[in-house]
Amino acid sequence: MDVWPGYCREQTNSSEKAKGKARAKDERLENPWRYPVVEHGSLSAATLKKKSRRFEWAFVTRGNAKHKLVPSGAPVQAFPPTRSKPWRSPKATESQRAEQGAHFLRTCYPDVDIQAELIRDQIMEDTRATQEIMREDLYSGNLIDVSSFHVARKNLAYLAFPMGETNCQLNMSPLVVHSKTIIDVKPTATPVYTFETPIRQIIASPHVTDVGKGKGAPTLAVRTMGVTTLLQINLAIDRTMYRLEPTPLLTVQRADMGDKSAVDMAISPFNSCVAYVVNSGGDIFRCSASQSKSVIEQIHTGGPSEGPFYRIAASHVRESVLSITDNEANLLDMRAGKKSHVLHSLTRSRTMFTSIESLSDDHIIRLVSTDELLWLDERNTRRPLLAVKHGRNLDTTLHSFTRVMISSPVTFLTSRRNSLVTVYDVSRGTDNLVYLHDAPYSLPPVLRPDGTHLGHAFFQQPTALGSKYLSVFQLSERGSVSLLNFQAVSGESATQDTLPQGGSHTEWPPEVKKLGDDADAARPDLGHLAGRAHIVVDLQSAYEKMFIDRDEPDLVAQTDAVYDTLERMPTFWQNTDVPVEHCLTTFDVAARSGPDPDSVSRNDWFTGSVLDSAPGHRALSQGHVPHAQLVRNTPWHVDISAFVRRIVPELEGSTQSTLEKLSRYDLSDDSGRTAASFRRENEARSQLALDLSLACDVFAHKRPGKDTTNNFEEDLLNISRSTEAMSLGDLDPSPMQFSFLRPLVKDDPRGVSFTDEDEANTLKAIAPLGVRLLLQEWDVGTDPYEHVYRDPYDETAQPPDRMQRPAKPALPKDAPTIKETGPPTQTQIQRPPAIASSTITRGPPPIAASQPAAPRKPLVAARSHGSLVTGPQRAMPSGSQPQDAQSAGLPTPSQEFMASTQVLPGPHGGRPVPAKKKPVKKRVGGF
């Protein structure tokens with residue numbers, strides 16, 4: 001037996017007593033080179049091979065596969081779903097689920113006092129347990145398999161899978177062969193056997209060549225949540241068809257396995273009436289059944305140090321059992337007693353075995369771990385023959401199936417978490433070395449849409465074993481079966497162009513089709529906790545009071561109230577006593593201008609106003625709503641009718657057009673309709689048109705942007721920033737000013753609360769230096785479409801034109817003027833003296849702004865909120881001597897300017913020369 005070269009020398013230098021870290025370090029140095037590992041992009045292994053009296057290099061990856069599997073048709077849905085659609089839990093956080101649970105308990109059980117912390121802890125524990133089960137379900141197995149046997153010179157095959165809402169019914173539908181190559185399913189709607197608990201695993205015995213009286217019969221092992229049953233498949237001839245009659249041969253209870261649940265099972269290939277079962281403690285039992293008696297004996301005892309994950313497989317060479325735990329693969333030979341032999345062990349952390357496949361004719365064991373696939377020779381298990389990295393995430397449902405395709409074994413890697421099936425063409429070559437003949441590739445998906453499912457089944461016709469035809473079945477979560485037939489073609493013709501597109505389903509009998517229709521119409525079963533208690537309440541009296549027995553409104557009183565409201569709406573901003581801090585629509589202005597409603601709601605929209613009446617609609621139709629005056633008297637206004645029209649396409653420019661469009665929602669004319677019904681319909685249509693019209697305009701009491709009034713602290717900040725501007729240092733941009741939308745100080749995401757000092761720098765924390773530098777030249781209110789970017793460092797570029805700020809709307813003539821009464825305050829009289837430089841100093845080169853620079857506002861020490869000075873800016877002279885104001889084109893000042901007393905820059909800018917220090921006498925050496 002030839003093997004690829006590797007590092008397999010024993011550690012002779014290390015002491016036999018080496019333990020702990022020293023021993024683990026030696027294993028880490030040795031393990032990576034013990035056997036060849038094929039990984040994408042790596043050289044893996046190579047050796048010198050003699051060929052015609054010369055040596056040449058041979059690599060473990062050949063890449064010269066002669067055949068490749070391609071589908072011979074489109075995926076077919078062979079059996080409809082028999083379970084309702086699964087309930088998808090809403091994406092809510094644990095805190096939200098705790099609040100929902102607390103609300104449910106307070107509503108349904110008001111007498112029970114349960115703390116919210118206890119509910120949150122229980123929900124967190126339930127979430128962790130659910131995630132653990134979804135990630136590592138130790139009791140789930142493959143739920144679909146094919147049972148084939150030869151009887152009366154015919155080869156029969158049946159597809160076994162669970163059906164029904166609870167997966168308690170066993171269905172066995174026959175397989176039909178078309179054109180000697182295409183496999184199809186003939187579905188049956190009647191189950192052949194029903195269990196008391198849901199099915200968790202199905203395994204069929206190997207192909208039985210001769211079935212009859214006094215001869216062997218095929219068996220089917222079914223593991224449920226309660227028991228494990230070995231069924232014998234008997235055939236009954238019904239006219240020209242064979243009818244299956246499964247008979248229980250053996251039932252393994254929980255008490256028969258030491259009060260532990262079964263996690264996996266296997267059927268002996270030498271005797272179909274012998275099965276092996278392993279429980280959650282690692283104990284292996286041999287179960288044999290005959291017509292006279294049934295025997296259950298324990299052949300292996302699991303160790304206390306072993307993990308909770310166990311899988312077994314029966315050997316095809318001799319009567320032995322292969323078993324795996326989390327990190328160890330063992331061989332249990334019946335001839336050697338109950339002690340197992342270690343085949344291979346894993347030393348890497350976070351790596352575990354997931355599947356083991358029984359021995360085949362090539363004496364190779366196939367192991368699957370969460371990291372790689374391994375091929376071991378049963379005759380020498382000191383180190384694996386080959387390993388291939390599969391590159392998948394941590395998945396405990398990985399399973400391998402090996403089938404012979406054209407006299408060469410091919411391994412398929414599957415997972416119950418997705419529909420990805422990877423093909424590995426690994427087998428021995430003519431030189432007795434194990435090669436990877438072709439790069440791993442994936443098969444087209446059998447089931448769509450992709451997602452979690454219940455298992456795969458790979459089937460070849462008994463008479464076509466080793467041929468180029470293969471059928472793959474896949475069972476979905478809802479119980480539907482999908483089928484895809486494959487054939488092996490030469491590597492040159494296996495291109496993507498041969499892949500079929502689309503899919504279909506077979507012709508189902510009426511009873512089978514009814515199963516699918518009932519499953520689609522059924523609601524998901526959420527259990528007893530999903531039931532809701534309800535109370536039947538007759539609301540007929542409430543509807544009669546609202547729509548039939550209504551009091552007729554007083555039209556005269558409504559008309560007077562409407563006209564009073566329309567008169568007050570134009571002067572709303574001048575007459576309002578309550579400060580308005582947010583935007584208002586025309587509906588809000590009308591609601592606040594009218595009298596208080598009888599029934600006040602938290603939302604003005606549901607409360608309504610006096611315009612929600614027949615006189616109000618008449619006023620809107622006649623154009624009496626003072627829309628233009630309200631726009632003219634409001635500092636800021638925007639029309640959002642285009643946005644409202646996107647939501648309500650029936651909104652038009654005129655009220656009459658809107659009413660015509662809304663008439664499409666009128667009730668159908670019927671002889672039974674009364675006049676009150678038609679009148680109510682017209683009123684509802686008119687009220688909706690009125691509400692849509694009043695929602696198309698938004699008003700604000702001020703323009704968005706920085707407030708025009710400054711407080712004393714802001715004035716002092718302006719003085720300090722002006723002082724910084726006269727220096728040569730960089731000027732830090734001012735913090736951002738917010739208008740309607742203002743940020744709130746909240747806790748830090750890390751859980752640290754803000755202090756008072758942090759709150760003072762909230763604006764700087766929200767808007768970093770880069771954001772403030774980008775926005776310092778932007779004026780709120782300017783048109784962004786007229787913005788032209790100019791490179792500030794391009795000296796050849798022309799300076800930007802002056803862009804006027806948007807002018808404020810002129811106040812109406814009848815608007816009241818605000819006059820300030822009383823003597824001026826101290827803050828208004830005192831002003832800081834204007835200081836001018838005596839010489840012109842050269843500073844750093846200016847940087848041209850991309851936006852026009854707004855003139856600097858005059859600096860004031862303080863001023864009251866009521867004094868708003870909006871006069872022309874006065875230009876300051878730049879020289880130290882006074883200048884004629886008339887020659888400069890400026891108004892004559894009230895007093896002349898003083899000479900500058902500011903110290904000039906430079907080393908001798910008027911500073912006094914420091915006095916020289918008295919020299920210190922040095923001490924002369926000696927005594």
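1. In this predicted model, strands S15, S16, S17 and S18 make up an open sheet, ordered S15-S16-S17-S18, with antiparallel pairing. The edge positions belong to S15 (262-267) and S18 (294-300); each has a single partner strand, so one side of each has no neighbour in the sheet. From one strand to the next, the twist averages 25 degrees.

2. Within that sheet, the pairing of S17 (residues 284-289) with S18 is antiparallel and runs over six bridges.

3. The link between S38 and S39 (residues 697-700) consists of four bridges, with the two strands running antiparallel. One point of reference is valine 638, whose bridge partner in S39 is valine 698.

4. On the chain as a whole, the secondary structure comes to 19 helices and 39 strands. Of the 927 residues in the protein chain, 34% are buried. For contacts between residues at least 6 apart in sequence, 60% join residues at least 24 apart. The protein chain exposes about 60,000 Å², and 53% of that area is supplied by carbon and sulfur atoms.

5. Threonine 219 lies in strand S12 (residues 219-224). Its relative accessible area is 0%, and since buried means under 20%, threonine 219 counts as buried. Leaving aside residues up to four places away in sequence, threonine 219 touches Ala204, Ser205, Leu230, Leu231, Gln232, Leu249, Ile267 and Ser272. With serine 272 there is also a polar contact: the threonine 219 side chain reaches the backbone oxygen of serine 272 at 2.6 Å. Among the residues touched, Ile267 falls in edge strand S15 (262-267).

6. Arginine 318 sits in the loop that runs between strand S19 (311-314) and strand S20 (320-324). Its relative accessibility is 25%, and arginine 318 is therefore classed as partly exposed, the range between under 20% and over 50%. The residues touched by arginine 318, not counting those up to four places away in sequence, are Phe270, Leu331, Asp333, Arg335 and Glu378. A separation of 9.7 Å lies between the C-alpha atoms of arginine 318 and serine 268, which are 50 residues apart along the chain.

7. Helix H10 (residues 614-621) has the following buried residues: Pro615, Gly616, His617, Ala619 and Leu620. These buried residues pack against three helices, namely H6 (555-568), H13 (655-662) and H14 (675-694). Just after H10 comes glycine 623, which takes a positive phi of about 80 degrees.

8. Which of the categories, buried or partly exposed, applies to threonine 219, and which to arginine 318? Threonine 219 is buried, at 0% relative accessible area, whereas arginine 318 is partly exposed, at 25%. Threonine 219 belongs to a strand, S12, while arginine 318 belongs to a loop.

Terms used
Residues are numbered from 1 along each chain as its sequence is written. This is a predicted model: local features need pLDDT of at least 70, side-chain atom pairs count only at pLDDT 80 or more; totals for chains, interfaces and linings use all residues. Side-chain values use heavy atoms; hydrogens and water are left out. Two strands pair if DSSP finds at least two bridges between them. Axes are lines fitted to C-alpha atoms, for helices over the stretch in contact, and angles run from 0 to 180 degrees between N-to-C directions. Buried means under 20% relative accessible area, exposed over 50%, partly exposed in between (1.4 Å probe, protein chains only). Contact means heavy atoms within 4.5 Å. Accessible areas come from the Shrake-Rupley method with a 1.4 Å probe; for residues, only the protein chains shown count as cover. A polar contact is a pair of N or O atoms within 3.5 Å; within protein, one must be able to donate a hydrogen and the other to accept it, and residues adjacent in sequence count only if both atoms are side-chain atoms.
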